[in-house]
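Please examine the sequence and the three-dimensional structure shown here. The briefing after it is arranged by topic.

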Amino acid sequence: MNNTLVKLLRSMLGSMRDLLPIVVVVLFFEFVVLQQPIPELGRIMVGVLFVILGLTFFIHGLEQGLFPIGESMATAFARKGSLFWLVTFAFSLGFGTTVAEPALIAVAAEAANVAAAGEMIEASEDAKARYANGLRYTVALSVGLAIVIGVVRILKGWPLHWIIIGGYVLVVIMTVFAPREIIGIAYDSGGVTTSTITVPLVTALGVGLASSIRGRNPMIDGFGLIAFASLTPMIFVMAYGMLI
Amino acid sequence: MDILKPILDVTLGTVNDVLPIAAIIFGFQFLVLRQKPANLGEILAGFAWVLVGLSLFLLGLEWCLFPLGRLMAEQLTDPAFVQAAGSAGDAVMGVDWKDYFWVYIFAFMIGFSTTIAEPSLIAVAIKANEVSGGAIGIWGLRIAVAIGVAVGISLGCYRIVVGDPIHWYIIAGYIIVVIQTTLAPKLIIPLAYDSGGVTTSTVTVPLVAALGLGLSETVPGRNPLIDGFGLIAFASLFPIISVMAYAQLSKLRAR
(Lines give C-alpha, C1' and ligand atoms only; values in the text may rest on other atoms or scores of the structure.)
Protein backbone atom coordinates (compact mmCIF):
# COMPACT_ATOMS: atom_id res chain seq x y z
CA MET A 1 0.00 0.00 0.00
CA ASN A 2 2.80 2.35 0.96
CA ASN A 3 4.52 1.40 -2.25
CA THR A 4 1.48 2.35 -4.31
CA LEU A 5 1.32 5.70 -2.57
CA VAL A 6 4.93 6.52 -3.39
CA LYS A 7 4.36 5.51 -6.99
CA LEU A 8 1.22 7.64 -7.22
CA LEU A 9 3.00 10.66 -5.78
CA ARG A 10 5.85 10.26 -8.21
CA SER A 11 3.52 9.97 -11.18
CA MET A 12 1.60 12.98 -9.92
CA LEU A 13 4.77 15.03 -10.26
CA GLY A 14 4.98 13.69 -13.80
CA SER A 15 1.41 14.78 -14.50
CA MET A 16 2.16 18.28 -13.27
CA ARG A 17 5.12 18.45 -15.62
CA ASP A 18 2.91 17.21 -18.49
CA LEU A 19 0.36 19.94 -17.88
CA LEU A 20 2.81 22.78 -17.28
CA PRO A 21 3.10 23.73 -21.00
CA ILE A 22 -0.66 24.26 -21.29
CA VAL A 23 -0.69 26.48 -18.22
CA VAL A 24 2.19 28.54 -19.60
CA VAL A 25 0.54 28.95 -23.01
CA VAL A 26 -2.84 29.92 -21.56
CA LEU A 27 -1.32 32.43 -19.13
CA PHE A 28 0.87 33.96 -21.84
CA PHE A 29 -2.03 34.52 -24.23
CA GLU A 30 -4.41 35.66 -21.54
CA PHE A 31 -2.11 38.29 -20.03
CA VAL A 32 0.39 39.26 -22.70
CA VAL A 33 -1.53 38.98 -25.96
CA LEU A 34 -5.20 39.41 -25.12
CA GLN A 35 -4.64 41.30 -21.85
CA GLN A 36 -7.76 39.94 -20.21
CA PRO A 37 -8.26 38.81 -16.63
CA ILE A 38 -9.05 35.15 -16.09
CA PRO A 39 -12.74 34.64 -15.28
CA GLU A 40 -13.81 32.39 -12.40
CA LEU A 41 -10.33 31.79 -11.05
CA GLY A 42 -11.43 29.57 -8.15
CA ARG A 43 -13.27 27.12 -10.35
CA ILE A 44 -10.34 26.98 -12.75
CA MET A 45 -7.91 26.16 -9.95
CA VAL A 46 -10.15 23.28 -8.84
CA GLY A 47 -10.30 22.16 -12.47
CA VAL A 48 -6.52 22.12 -12.74
CA LEU A 49 -6.29 20.04 -9.58
CA PHE A 50 -8.82 17.57 -11.02
CA VAL A 51 -6.91 17.31 -14.28
CA ILE A 52 -3.65 16.56 -12.45
CA LEU A 53 -5.27 13.93 -10.21
CA GLY A 54 -7.19 12.45 -13.13
CA LEU A 55 -4.15 12.07 -15.36
CA THR A 56 -2.21 10.49 -12.48
CA PHE A 57 -4.93 7.92 -11.74
CA PHE A 58 -5.43 7.17 -15.42
CA ILE A 59 -1.76 6.40 -16.05
CA HIS A 60 -1.69 4.30 -12.89
CA GLY A 61 -4.73 2.30 -13.98
CA LEU A 62 -3.28 1.95 -17.45
CA GLU A 63 -0.19 0.21 -16.20
CA GLN A 64 -2.06 -1.88 -13.70
CA GLY A 65 -5.16 -2.83 -15.71
CA LEU A 66 -5.37 -2.02 -19.41
CA PHE A 67 -1.86 -2.97 -20.49
CA PRO A 68 -1.71 -6.32 -18.64
CA ILE A 69 -5.16 -7.49 -19.76
CA GLY A 70 -4.51 -6.50 -23.37
CA GLU A 71 -1.28 -8.43 -23.44
CA SER A 72 -2.48 -11.46 -21.54
CA MET A 73 -5.45 -11.77 -23.88
CA ALA A 74 -3.22 -11.46 -26.93
CA THR A 75 -1.02 -14.26 -25.61
CA ALA A 76 -4.03 -16.40 -24.74
CA PHE A 77 -5.51 -15.97 -28.23
CA ALA A 78 -2.18 -16.78 -29.84
CA ARG A 79 -1.94 -19.96 -27.76
CA LYS A 80 -5.53 -20.95 -28.48
CA GLY A 81 -4.75 -20.65 -32.17
CA SER A 82 -8.32 -20.05 -33.30
CA LEU A 83 -8.33 -17.46 -36.06
CA PHE A 84 -12.12 -17.20 -35.97
CA TRP A 85 -12.28 -16.11 -32.33
CA LEU A 86 -9.34 -13.76 -32.64
CA VAL A 87 -10.95 -12.03 -35.61
CA THR A 88 -14.30 -11.85 -33.82
CA PHE A 89 -12.61 -10.35 -30.80
CA ALA A 90 -10.73 -7.82 -32.94
CA PHE A 91 -13.91 -6.76 -34.69
CA SER A 92 -15.93 -6.42 -31.47
CA LEU A 93 -13.18 -4.38 -29.87
CA GLY A 94 -13.00 -1.98 -32.82
CA PHE A 95 -16.74 -1.71 -33.35
CA GLY A 96 -17.73 -1.66 -29.68
CA THR A 97 -15.28 1.00 -28.60
CA THR A 98 -16.07 3.30 -31.52
CA VAL A 99 -19.84 3.21 -31.72
CA ALA A 100 -20.24 4.87 -28.30
CA GLU A 101 -17.36 7.31 -28.75
CA PRO A 102 -18.59 10.83 -27.78
CA ALA A 103 -16.28 12.59 -30.24
CA LEU A 104 -17.71 10.50 -33.07
CA ILE A 105 -21.31 11.21 -32.04
CA ALA A 106 -20.51 14.94 -32.13
CA VAL A 107 -18.84 14.74 -35.53
CA ALA A 108 -21.69 12.67 -37.00
CA ALA A 109 -24.27 15.23 -35.86
CA GLU A 110 -22.18 18.00 -37.39
CA ALA A 111 -21.88 16.06 -40.64
CA ALA A 112 -25.66 15.70 -40.79
CA ASN A 113 -25.97 19.50 -40.56
CA VAL A 114 -23.51 19.89 -43.41
CA ALA A 115 -25.37 17.36 -45.52
CA ALA A 116 -28.66 19.15 -44.86
CA ALA A 117 -27.14 22.53 -45.75
CA GLY A 118 -25.71 21.04 -48.92
CA GLU A 119 -29.16 19.69 -49.78
CA MET A 120 -27.98 16.11 -49.90
CA ILE A 121 -30.69 15.15 -47.43
CA GLU A 122 -33.89 16.77 -46.18
CA ALA A 123 -33.40 19.47 -43.59
CA SER A 124 -35.76 17.80 -41.09
CA GLU A 125 -34.59 16.61 -37.66
CA ASP A 126 -35.65 13.10 -38.54
CA ALA A 127 -33.62 12.87 -41.73
CA LYS A 128 -30.60 14.36 -39.96
CA ALA A 129 -30.81 11.87 -37.10
CA ARG A 130 -31.03 9.01 -39.57
CA TYR A 131 -28.06 10.33 -41.51
CA ALA A 132 -25.97 10.83 -38.34
CA ASN A 133 -26.76 7.35 -37.04
CA GLY A 134 -25.94 5.76 -40.37
CA LEU A 135 -22.65 7.57 -40.42
CA ARG A 136 -21.85 6.53 -36.87
CA TYR A 137 -22.42 2.85 -37.62
CA THR A 138 -20.45 3.19 -40.85
CA VAL A 139 -17.45 4.55 -39.00
CA ALA A 140 -17.72 1.94 -36.23
CA LEU A 141 -17.92 -0.78 -38.85
CA SER A 142 -14.85 0.60 -40.58
CA VAL A 143 -12.87 0.67 -37.34
CA GLY A 144 -13.90 -2.91 -36.56
CA LEU A 145 -12.75 -3.93 -40.02
CA ALA A 146 -9.52 -1.97 -39.58
CA ILE A 147 -8.60 -3.86 -36.40
CA VAL A 148 -9.40 -7.16 -38.15
CA ILE A 149 -7.15 -6.29 -41.11
CA GLY A 150 -4.47 -5.14 -38.68
CA VAL A 151 -4.60 -8.35 -36.65
CA VAL A 152 -4.49 -10.53 -39.76
CA ARG A 153 -1.53 -8.49 -40.96
CA ILE A 154 0.31 -9.22 -37.70
CA LEU A 155 -0.41 -12.95 -38.07
CA LYS A 156 0.75 -13.05 -41.68
CA GLY A 157 3.58 -10.57 -41.25
CA TRP A 158 2.61 -8.41 -44.22
CA PRO A 159 4.60 -5.18 -44.47
CA LEU A 160 2.52 -2.32 -43.11
CA HIS A 161 3.58 0.45 -45.43
CA TRP A 162 2.23 -1.13 -48.62
CA ILE A 163 -1.24 -1.44 -47.11
CA ILE A 164 -1.17 2.08 -45.73
CA ILE A 165 0.08 3.57 -48.99
CA GLY A 166 -2.62 1.61 -50.81
CA GLY A 167 -5.11 3.14 -48.40
CA TYR A 168 -3.78 6.62 -49.16
CA VAL A 169 -4.19 6.03 -52.87
CA LEU A 170 -7.77 4.95 -52.24
CA VAL A 171 -8.41 8.09 -50.15
CA VAL A 172 -7.08 10.27 -52.95
CA ILE A 173 -9.20 8.53 -55.58
CA MET A 174 -12.31 8.79 -53.39
CA THR A 175 -11.62 12.50 -52.82
CA VAL A 176 -12.10 13.10 -56.53
CA PHE A 177 -15.55 11.54 -56.52
CA ALA A 178 -16.92 12.39 -53.08
CA PRO A 179 -19.20 15.42 -52.60
CA ARG A 180 -17.09 18.44 -51.68
CA GLU A 181 -18.98 19.12 -48.44
CA ILE A 182 -18.15 15.75 -46.94
CA ILE A 183 -14.39 15.79 -47.59
CA GLY A 184 -13.33 17.88 -44.58
CA ILE A 185 -15.44 15.77 -42.22
CA ALA A 186 -14.21 12.53 -43.75
CA TYR A 187 -10.58 13.54 -43.24
CA ASP A 188 -11.32 14.56 -39.67
CA SER A 189 -13.18 11.36 -38.83
CA GLY A 190 -9.94 9.43 -39.14
CA GLY A 191 -8.53 11.30 -36.19
CA VAL A 192 -11.47 11.27 -33.82
CA THR A 193 -12.27 7.58 -33.72
CA THR A 194 -9.45 6.41 -31.51
CA SER A 195 -10.32 7.18 -27.91
CA THR A 196 -8.20 7.34 -24.81
CA ILE A 197 -9.18 3.88 -23.64
CA THR A 198 -9.08 2.21 -27.05
CA VAL A 199 -5.54 3.28 -27.90
CA PRO A 200 -3.76 1.63 -24.95
CA LEU A 201 -5.83 -1.55 -25.30
CA VAL A 202 -5.32 -1.88 -29.03
CA THR A 203 -1.62 -1.11 -28.73
CA ALA A 204 -1.21 -3.72 -26.01
CA LEU A 205 -3.12 -6.23 -28.16
CA GLY A 206 -0.90 -5.65 -31.19
CA VAL A 207 2.35 -5.73 -29.28
CA GLY A 208 1.22 -8.77 -27.30
CA LEU A 209 0.28 -10.67 -30.47
CA ALA A 210 3.52 -9.80 -32.22
CA SER A 211 5.57 -10.86 -29.20
CA SER A 212 3.87 -14.22 -28.84
CA ILE A 213 4.10 -15.29 -32.48
CA ARG A 214 7.48 -16.61 -33.51
CA GLY A 215 9.19 -14.64 -36.24
CA ARG A 216 7.36 -11.38 -35.55
CA ASN A 217 9.12 -8.33 -34.27
CA PRO A 218 6.96 -6.39 -31.76
CA MET A 219 8.38 -3.10 -32.98
CA ILE A 220 7.76 -3.74 -36.70
CA ASP A 221 4.64 -5.90 -36.49
CA GLY A 222 3.12 -4.88 -33.15
CA PHE A 223 2.34 -1.27 -34.01
CA GLY A 224 0.10 -0.21 -36.87
CA LEU A 225 -3.37 -1.12 -35.60
CA ILE A 226 -4.16 2.51 -34.77
CA ALA A 227 -2.94 3.54 -38.21
CA PHE A 228 -5.54 1.28 -39.82
CA ALA A 229 -8.21 2.53 -37.45
CA SER A 230 -7.55 6.11 -38.52
CA LEU A 231 -7.38 5.33 -42.24
CA THR A 232 -10.49 3.24 -42.92
CA PRO A 233 -13.00 5.78 -41.51
CA MET A 234 -11.88 8.33 -44.13
CA ILE A 235 -12.62 5.88 -46.93
CA PHE A 236 -15.92 4.71 -45.46
CA VAL A 237 -17.22 8.20 -44.67
CA MET A 238 -16.53 9.36 -48.22
CA ALA A 239 -18.23 6.24 -49.56
CA TYR A 240 -21.20 6.98 -47.29
CA GLY A 241 -21.34 10.52 -48.61
CA MET A 242 -21.31 9.26 -52.19
CA LEU A 243 -24.04 6.67 -51.67
CA ILE A 244 -26.50 8.87 -49.78
CA MET B 1 -26.05 20.23 -5.72
CA ASP B 2 -24.72 22.61 -8.31
CA ILE B 3 -21.36 20.89 -8.22
CA LEU B 4 -22.62 17.34 -7.85
CA LYS B 5 -24.61 17.21 -11.07
CA PRO B 6 -21.76 17.74 -13.54
CA ILE B 7 -19.60 15.31 -11.56
CA LEU B 8 -22.33 12.72 -11.81
CA ASP B 9 -22.86 13.43 -15.52
CA VAL B 10 -19.21 13.08 -16.42
CA THR B 11 -18.80 9.94 -14.35
CA LEU B 12 -21.83 8.35 -15.99
CA GLY B 13 -20.45 9.34 -19.38
CA THR B 14 -17.14 7.68 -18.64
CA VAL B 15 -18.84 4.56 -17.30
CA ASN B 16 -20.78 4.50 -20.54
CA ASP B 17 -17.49 4.69 -22.39
CA VAL B 18 -15.72 2.01 -20.40
CA LEU B 19 -18.62 -0.41 -19.99
CA PRO B 20 -18.80 -1.78 -23.58
CA ILE B 21 -15.04 -2.23 -23.60
CA ALA B 22 -15.07 -4.01 -20.26
CA ALA B 23 -17.99 -6.17 -21.41
CA ILE B 24 -16.15 -7.21 -24.58
CA ILE B 25 -12.90 -7.92 -22.77
CA PHE B 26 -14.33 -9.89 -19.89
CA GLY B 27 -16.90 -11.57 -22.11
CA PHE B 28 -14.20 -12.97 -24.34
CA GLN B 29 -11.96 -13.69 -21.38
CA PHE B 30 -14.51 -15.91 -19.65
CA LEU B 31 -16.65 -17.27 -22.47
CA VAL B 32 -14.09 -17.85 -25.21
CA LEU B 33 -10.71 -18.10 -23.56
CA ARG B 34 -12.24 -19.65 -20.44
CA GLN B 35 -9.49 -18.77 -18.09
CA LYS B 36 -9.13 -16.50 -15.14
CA PRO B 37 -6.37 -13.92 -15.62
CA ALA B 38 -3.62 -14.49 -13.08
CA ASN B 39 -4.08 -11.20 -11.26
CA LEU B 40 -7.77 -10.51 -11.76
CA GLY B 41 -8.11 -8.38 -8.63
CA GLU B 42 -5.29 -6.10 -9.64
CA ILE B 43 -6.65 -5.71 -13.17
CA LEU B 44 -10.12 -4.84 -11.94
CA ALA B 45 -8.55 -2.30 -9.60
CA GLY B 46 -6.70 -0.93 -12.62
CA PHE B 47 -9.98 -0.50 -14.50
CA ALA B 48 -11.39 1.34 -11.49
CA TRP B 49 -8.35 3.67 -11.50
CA VAL B 50 -8.84 4.33 -15.21
CA LEU B 51 -12.51 5.09 -14.66
CA VAL B 52 -11.91 7.48 -11.77
CA GLY B 53 -8.91 9.06 -13.47
CA LEU B 54 -10.62 9.68 -16.77
CA SER B 55 -13.73 11.14 -15.09
CA LEU B 56 -11.66 13.54 -13.00
CA PHE B 57 -9.55 14.44 -16.01
CA LEU B 58 -12.53 15.26 -18.24
CA LEU B 59 -14.32 17.11 -15.47
CA GLY B 60 -11.23 19.20 -14.78
CA LEU B 61 -10.82 19.98 -18.47
CA GLU B 62 -14.45 21.02 -18.67
CA TRP B 63 -13.90 23.41 -15.79
CA CYS B 64 -10.57 24.96 -16.60
CA LEU B 65 -9.16 24.40 -20.04
CA PHE B 66 -12.14 24.16 -22.37
CA PRO B 67 -13.96 27.38 -21.40
CA LEU B 68 -10.68 29.31 -21.41
CA GLY B 69 -9.53 27.77 -24.66
CA ARG B 70 -12.82 28.43 -26.43
CA LEU B 71 -12.91 31.97 -25.12
CA MET B 72 -9.38 32.60 -26.31
CA ALA B 73 -10.08 31.10 -29.72
CA GLU B 74 -13.06 33.45 -30.01
CA GLN B 75 -11.09 36.49 -28.89
CA LEU B 76 -8.12 35.78 -31.13
CA THR B 77 -10.27 35.34 -34.23
CA ASP B 78 -12.42 38.36 -33.39
CA PRO B 79 -12.17 40.82 -36.32
CA ALA B 80 -11.53 43.74 -33.96
CA PHE B 81 -8.52 42.03 -32.44
CA VAL B 82 -7.21 40.84 -35.78
CA GLN B 83 -7.34 44.32 -37.27
CA ALA B 84 -5.65 45.86 -34.26
CA ALA B 85 -2.84 43.33 -34.45
CA GLY B 86 -2.49 43.47 -38.21
CA SER B 87 -1.03 46.18 -40.37
CA ALA B 88 -3.41 48.94 -39.33
CA GLY B 89 -4.50 51.52 -41.86
CA ASP B 90 -4.09 49.25 -44.83
CA ALA B 91 -6.57 50.39 -47.43
CA VAL B 92 -6.58 47.02 -49.14
CA MET B 93 -9.86 45.23 -48.58
CA GLY B 94 -10.16 41.49 -48.20
CA VAL B 95 -8.18 39.09 -46.11
CA ASP B 96 -4.47 39.30 -45.57
CA TRP B 97 -3.26 36.05 -44.09
CA LYS B 98 -0.51 37.87 -42.20
CA ASP B 99 -3.09 39.63 -40.03
CA TYR B 100 -3.80 36.38 -38.27
CA PHE B 101 -0.29 35.77 -37.03
CA TRP B 102 -1.37 35.52 -33.37
CA VAL B 103 -3.79 32.80 -34.40
CA TYR B 104 -0.98 30.76 -35.96
CA ILE B 105 1.21 31.22 -32.90
CA PHE B 106 -1.68 30.25 -30.63
CA ALA B 107 -2.45 27.24 -32.81
CA PHE B 108 1.17 26.13 -32.70
CA MET B 109 1.55 26.54 -28.95
CA ILE B 110 -1.81 25.06 -27.96
CA GLY B 111 -1.26 22.14 -30.35
CA PHE B 112 2.13 21.43 -28.83
CA SER B 113 1.11 21.77 -25.20
CA THR B 114 -2.14 19.80 -25.41
CA THR B 115 -0.39 16.97 -27.21
CA ILE B 116 2.21 16.72 -24.42
CA ALA B 117 -0.71 16.21 -22.00
CA GLU B 118 -2.62 13.73 -24.20
CA PRO B 119 -3.09 10.52 -22.16
CA SER B 120 -3.23 8.12 -25.12
CA LEU B 121 0.05 9.44 -26.48
CA ILE B 122 1.65 8.88 -23.08
CA ALA B 123 0.36 5.30 -23.22
CA VAL B 124 1.81 4.62 -26.66
CA ALA B 125 5.12 6.27 -25.73
CA ILE B 126 5.43 4.04 -22.64
CA LYS B 127 4.76 0.95 -24.77
CA ALA B 128 7.16 2.00 -27.53
CA ASN B 129 9.88 2.66 -25.01
CA GLU B 130 9.33 -0.74 -23.42
CA VAL B 131 9.19 -2.65 -26.72
CA SER B 132 12.20 -0.93 -28.26
CA GLY B 133 14.25 -1.68 -25.15
CA GLY B 134 14.71 2.00 -24.45
CA ALA B 135 15.93 2.92 -27.95
CA ILE B 136 12.89 5.16 -28.40
CA GLY B 137 12.74 7.70 -25.61
CA ILE B 138 9.34 8.49 -24.09
CA TRP B 139 10.03 12.21 -24.23
CA GLY B 140 11.65 12.10 -27.64
CA LEU B 141 8.56 10.53 -29.15
CA ARG B 142 6.16 12.81 -27.33
CA ILE B 143 8.01 15.96 -28.35
CA ALA B 144 8.32 14.79 -31.96
CA VAL B 145 4.57 14.11 -32.12
CA ALA B 146 3.76 17.40 -30.39
CA ILE B 147 5.83 19.35 -32.93
CA GLY B 148 3.99 17.55 -35.72
CA VAL B 149 0.59 18.46 -34.26
CA ALA B 150 1.69 22.05 -33.68
CA VAL B 151 2.88 22.51 -37.26
CA GLY B 152 -0.20 20.72 -38.58
CA ILE B 153 -2.69 22.88 -36.71
CA SER B 154 -1.01 26.17 -37.57
CA LEU B 155 -0.83 25.18 -41.23
CA GLY B 156 -4.48 24.14 -41.03
CA CYS B 157 -5.38 27.58 -39.63
CA TYR B 158 -3.47 29.21 -42.47
CA ARG B 159 -5.49 27.10 -44.90
CA ILE B 160 -8.77 28.25 -43.37
CA VAL B 161 -7.67 31.89 -43.60
CA VAL B 162 -6.61 31.73 -47.24
CA GLY B 163 -9.41 29.30 -48.15
CA ASP B 164 -7.46 26.69 -50.12
CA PRO B 165 -9.15 23.33 -50.69
CA ILE B 166 -8.05 20.86 -48.03
CA HIS B 167 -7.29 17.91 -50.27
CA TRP B 168 -4.21 19.43 -51.93
CA TYR B 169 -2.57 19.82 -48.52
CA ILE B 170 -3.48 16.30 -47.46
CA ILE B 171 -2.32 14.77 -50.74
CA ALA B 172 0.98 16.69 -50.52
CA GLY B 173 1.34 15.38 -46.96
CA TYR B 174 0.74 11.82 -48.16
CA ILE B 175 3.45 12.20 -50.80
CA ILE B 176 5.92 13.36 -48.15
CA VAL B 177 4.92 10.40 -45.96
CA VAL B 178 5.51 7.96 -48.83
CA ILE B 179 8.92 9.45 -49.64
CA GLN B 180 9.93 9.40 -45.99
CA THR B 181 8.78 5.79 -45.66
CA THR B 182 11.45 4.75 -48.15
CA LEU B 183 14.15 6.71 -46.30
CA ALA B 184 13.35 6.35 -42.58
CA PRO B 185 14.67 3.51 -40.39
CA LYS B 186 12.38 0.52 -40.84
CA LEU B 187 11.70 0.05 -37.14
CA ILE B 188 10.07 3.42 -36.69
CA ILE B 189 7.59 3.25 -39.58
CA PRO B 190 4.68 1.42 -37.91
CA LEU B 191 5.02 3.55 -34.78
CA ALA B 192 5.06 6.71 -36.89
CA TYR B 193 1.89 5.68 -38.72
CA ASP B 194 0.24 4.97 -35.38
CA SER B 195 1.20 8.29 -33.89
CA GLY B 196 -1.03 10.02 -36.41
CA GLY B 197 -4.12 8.51 -34.82
CA VAL B 198 -3.24 8.77 -31.15
CA THR B 199 -2.56 12.46 -31.01
CA THR B 200 -6.06 13.66 -31.34
CA SER B 201 -8.26 12.62 -28.49
CA THR B 202 -9.64 14.04 -25.26
CA VAL B 203 -7.57 17.19 -24.84
CA THR B 204 -6.79 18.34 -28.35
CA VAL B 205 -10.00 17.72 -30.30
CA PRO B 206 -12.42 20.06 -28.44
CA LEU B 207 -9.97 22.96 -28.43
CA VAL B 208 -8.92 22.53 -32.03
CA ALA B 209 -12.51 22.21 -33.18
CA ALA B 210 -13.34 25.48 -31.40
CA LEU B 211 -10.43 27.20 -33.09
CA GLY B 212 -11.45 25.97 -36.54
CA LEU B 213 -15.08 26.98 -36.11
CA GLY B 214 -14.11 30.38 -34.67
CA LEU B 215 -11.80 31.09 -37.58
CA SER B 216 -14.20 30.01 -40.30
CA GLU B 217 -16.99 32.05 -38.75
CA THR B 218 -15.02 35.29 -38.61
CA VAL B 219 -12.83 35.21 -41.69
CA PRO B 220 -14.86 36.83 -44.47
CA GLY B 221 -15.93 34.45 -47.20
CA ARG B 222 -15.48 31.23 -45.21
CA ASN B 223 -18.31 28.84 -44.54
CA PRO B 224 -18.02 27.16 -41.12
CA LEU B 225 -19.79 24.10 -42.44
CA ILE B 226 -17.17 23.49 -45.10
CA ASP B 227 -14.03 25.27 -43.96
CA GLY B 228 -14.38 24.69 -40.23
CA PHE B 229 -13.33 21.07 -40.52
CA GLY B 230 -9.97 19.66 -41.40
CA LEU B 231 -7.78 20.81 -38.52
CA ILE B 232 -7.92 17.37 -36.93
CA ALA B 233 -6.91 15.83 -40.25
CA PHE B 234 -3.84 18.07 -40.30
CA ALA B 235 -3.12 17.19 -36.69
CA SER B 236 -3.19 13.48 -37.50
CA LEU B 237 -1.09 13.71 -40.65
CA PHE B 238 1.87 15.82 -39.59
CA PRO B 239 2.95 13.73 -36.58
CA ILE B 240 3.60 10.87 -39.01
CA ILE B 241 6.07 13.10 -40.83
CA SER B 242 7.66 14.52 -37.69
CA VAL B 243 8.12 11.13 -36.02
CA MET B 244 9.86 9.75 -39.10
CA ALA B 245 11.97 12.90 -39.27
CA TYR B 246 12.88 12.42 -35.61
CA ALA B 247 14.08 8.88 -36.34
CA GLN B 248 16.02 10.05 -39.37
CA LEU B 249 17.71 12.77 -37.33
CA SER B 250 18.62 10.38 -34.50
CA LYS B 251 20.11 8.01 -37.05
CA LEU B 252 22.14 10.79 -38.63
CA ARG B 253 23.41 11.89 -35.24
CA ALA B 254 24.35 8.36 -34.26
CA ARG B 255 26.55 8.03 -37.32
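Predicted model: local features only at pLDDT ≥ 70, side-chain atom pairs only at ≥ 80, totals over all residues.

Residues are numbered from 1 along each chain as its sequence is written, chains are lettered from A and ligands numbered from 1 in the order in which they are written, and side-chain values use heavy atoms, with hydrogens and water left out.

**Confidence**

- The predictor assigns the complex an ipTM of 0.85 and a pTM of 0.86.
- Chain A has a mean pLDDT of 86, and 100% of its residues reach 70 or more; pLDDT is the predictor's confidence in each residue, from 0 to 100.
- For chain B the mean pLDDT is 84, with 94% of residues at 70 or more.
- Over residues 88-93 of chain B, pLDDT stays under 50, and the model has 1 contact beyond four places in sequence for them. A contact means heavy atoms within 4.5 Å.

**Chain A as a whole**

- Chain A contains 10 helices and 0 strands. Helices (H or I, at least four residues) and strands (E, at least two) are DSSP runs, numbered from the N terminus.
- The C-alpha trace of chain A spans about 55 × 50 × 30 Å along its principal axes.
- Of the 244 residues in chain A, 57% are buried. Buried means under 20% relative accessible area, exposed over 50%, and partly exposed in between, with a 1.4 Å probe and protein chains only.
- Among contacts in chain A with a separation of 6 or more, 77% join residues 24 or more positions apart.
- Chain A exposes about 10100 Å², of which carbon and sulfur atoms supply 67%. Such areas come from the Shrake-Rupley method with a 1.4 Å probe, and for residues only the protein chains shown count as cover.

**Pockets**

- Rolling a probe the size of a water molecule over the atoms shows where empty space is left.
- On a 1 Å grid over the protein atoms alone, a cavity is a set of points where a 1.4 Å probe fits but cannot get out; a pocket is an open set with protein on both sides within 12 Å along at least five of seven lines; lining residues have an atom within 4 Å of a point.
- Grid points are joined across faces, edges and corners, and a volume is the space filled by probe spheres set on the points.
- The largest pocket has a volume of about 850 Å³. Its lining has 35 residues, and Pro102(A), Ala103(A), Ala106(A), Val205(B) and Pro206(B) are the closest to its centre.
- α10(B) gives the largest share of the lining of the largest pocket, 6 residues.
- By class, the lining of the largest pocket has 19 nonpolar, 10 polar and 6 charged residues. Ala, Val, Leu, Ile, Met, Phe, Trp, Tyr, Cys and Pro count as nonpolar, Asp, Glu, Lys and Arg as charged, and the others, Gly among them, as polar.
- The second largest pocket holds about 490 Å³ of space. Of the 21 residues lining the second largest pocket, Lys7(A), Ser11(A), Ile59(A), Glu63(A) and Ile126(B) lie nearest its centre.
- α1(A) supplies the largest share of the lining of the second largest pocket, 9 residues, and this lining divides into 7 nonpolar, 7 polar and 7 charged residues.

**Cavities**

- The structure holds 3 cavities of 30 Å³ or more, and the largest cavity has a volume of about 200 Å³.
- The largest cavity is lined by 18 residues, with Tyr168(A), Ser230(A), Met234(A), Ser236(B) and Ile240(B) nearest its centre.
- The lining of the largest cavity divides into 12 nonpolar, 6 polar and no charged residues.

- Leu55(A) lies in helix α2 of chain A and is buried, with a relative accessible area of 0%.
- Beyond residues up to four places away in sequence, Leu55(A) touches residues including Ser15(A), Asp18(A), Phe57(B) and Ala117(B).
- Ala146(A) belongs to helix α5 (residues 125-156) of chain A and counts as buried at 0% relative accessibility.
- Apart from neighbours within four places in sequence, Ala146(A) is in contact with Phe228(A), Ala229(A) and Thr232(A).
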